[in-house]
Amino acid sequence: LDFWGSWCGPCQEEMPKLRALYEKYKARNFALIGIANDKMEPLESYIKENGITWPQILQDSDHHILRLFNIQYYPSTFLIDPKGEIVAKNANADELEAKLRQALSR
């Protein structure tokens with residue numbers, strides 16, 4: 001899960017790395033889901049301009065998902081294994097890839 005916003009500078013910096021990571025691992029039991037704290041129009045524009053092909057969920061007005069994951073800053077990325085356990089929290093793309101390589105080598 002990648003918690004982000006199109007308005008977020010650090011999120012924009014991380015996005016090309018996440019896109020490369022997604023392309024590299026999507027055929028290997030890896031899914032990436034964006035949870036965007038955004039408005040629909042800028043989100044759709046950013047997705048189109050930056051070639052984001054993985055699913056996006058627009059955070060609803062009550063911010064339930066943000067509270068559930070205790071999101072304090074953006075981007076915040078979580079790696080969740082097939083059993084539903086969080087194996088990495090607040091990992092940047094490089095840390096995420098290291099964890100993915102480790103998990104997929106088992």
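**Disulfide, salt bridges and core: reasons for the terms**

Q: How many disulfides does a search of the whole structure find?

A: The search finds one disulfide in this predicted model.

Q: What makes Cys-8 and Cys-11 a disulfide?

A: The sulfur atoms of Cys-8 and Cys-11 are 2.5 Å apart. The term applies to cysteine sulfur atoms within 2.5 Å, so the pair Cys-8 and Cys-11 counts as a disulfide.

Q: What makes the pair Asp-94 and Lys-17 a salt bridge?

A: The N to O distance between the side chains of Asp-94 and Lys-17 is 3.7 Å. A salt bridge requires a side-chain nitrogen of Lys or Arg within 4 Å of a carboxyl oxygen of Asp or Glu, so Asp-94 and Lys-17 qualify. This pair belongs to a structure that holds four salt bridges.

Q: Which parts does the pair Asp-94 and Lys-17 tie together?

A: Because Asp-94 lies in helix α4 and Lys-17 in helix α1, the pair ties together parts that are 77 residues apart in sequence.

Q: What makes Lys-24 and Glu-97 a salt bridge, and where do the two residues lie?

A: The closest N and O atoms of Lys-24 and Glu-97 are 2.8 Å apart, which is within 4 Å, so the term applies. Lys-24 lies in helix α1 and Glu-97 in helix α4, so this pair ties together parts that are 73 residues apart in sequence. Lys-24 and Glu-97 are also linked with Arg-101 in a network of salt bridges.

Q: What does the side chain of Asp-2 make a polar contact with?

A: The side chain of Asp-2, a residue of strand β1, makes a polar contact with the side chain of Thr-77 at 3.0 Å. The cut-off for a polar contact is 3.5 Å. Beyond four places in sequence, the residues in contact with Asp-2 include Met-15, Leu-18, Ile-35 and Thr-77.

Q: What makes up the largest nonpolar core?

A: The largest nonpolar core has 29 residues. Phe-3, Trp-4, Leu-18, Phe-30, Trp-54, Ile-71 and Tyr-74 have the most contacts inside this core. At least two core residues come from each of β1, α1, β2, α2, β4 and α4, and α1 gives the most, with six. In soluble globular proteins, nonpolar side chains tend to be buried together.

Q: Which residues is Phe-3 in contact with, leaving aside its neighbours within four places in sequence?

A: Among them are Ile-35, Ile-65, Leu-66, Phe-69, Ile-71, Tyr-74 and Phe-78.

Q: Is the peptide bond from Tyr-74 to Pro-75 cis or trans?

A: The bond is cis, with omega near -10°. Pro-75 lies in the loop between α3 and β4.

Q: What is the phi of His-63, and where is this residue?

A: Phi of His-63 is near 55°, a positive value in a residue other than glycine. His-63 is placed in the loop between β3 and α3. With a relative accessible area of 30%, His-63 is partly exposed.

Q: What is the phi of Asn-90?

A: Asn-90 has a positive phi of about 55° although it is not a glycine. Its place is in the loop between β5 and α4. At 32% relative accessibility, Asn-90 counts as partly exposed.

Notes
Residues numbered from 1 in each chain as written. Predicted model: local features only at pLDDT ≥ 70, side-chain atom pairs only at ≥ 80, totals over all residues. Heavy atoms only, no water. Core = buried A, V, L, I, M, F, W, Y, C linked by side-chain atoms within 4.5 Å. Buried < 20%, exposed > 50% of the residue type's maximum accessible area, 1.4 Å probe, protein only. Helix = DSSP H or I, 4+ residues; strand = E, 2+ residues; numbered from the N terminus. Contact = heavy atoms within 4.5 Å. Polar contact = N/O pair within 3.5 Å; in protein donor to acceptor, adjacent residues only side chain to side chain.
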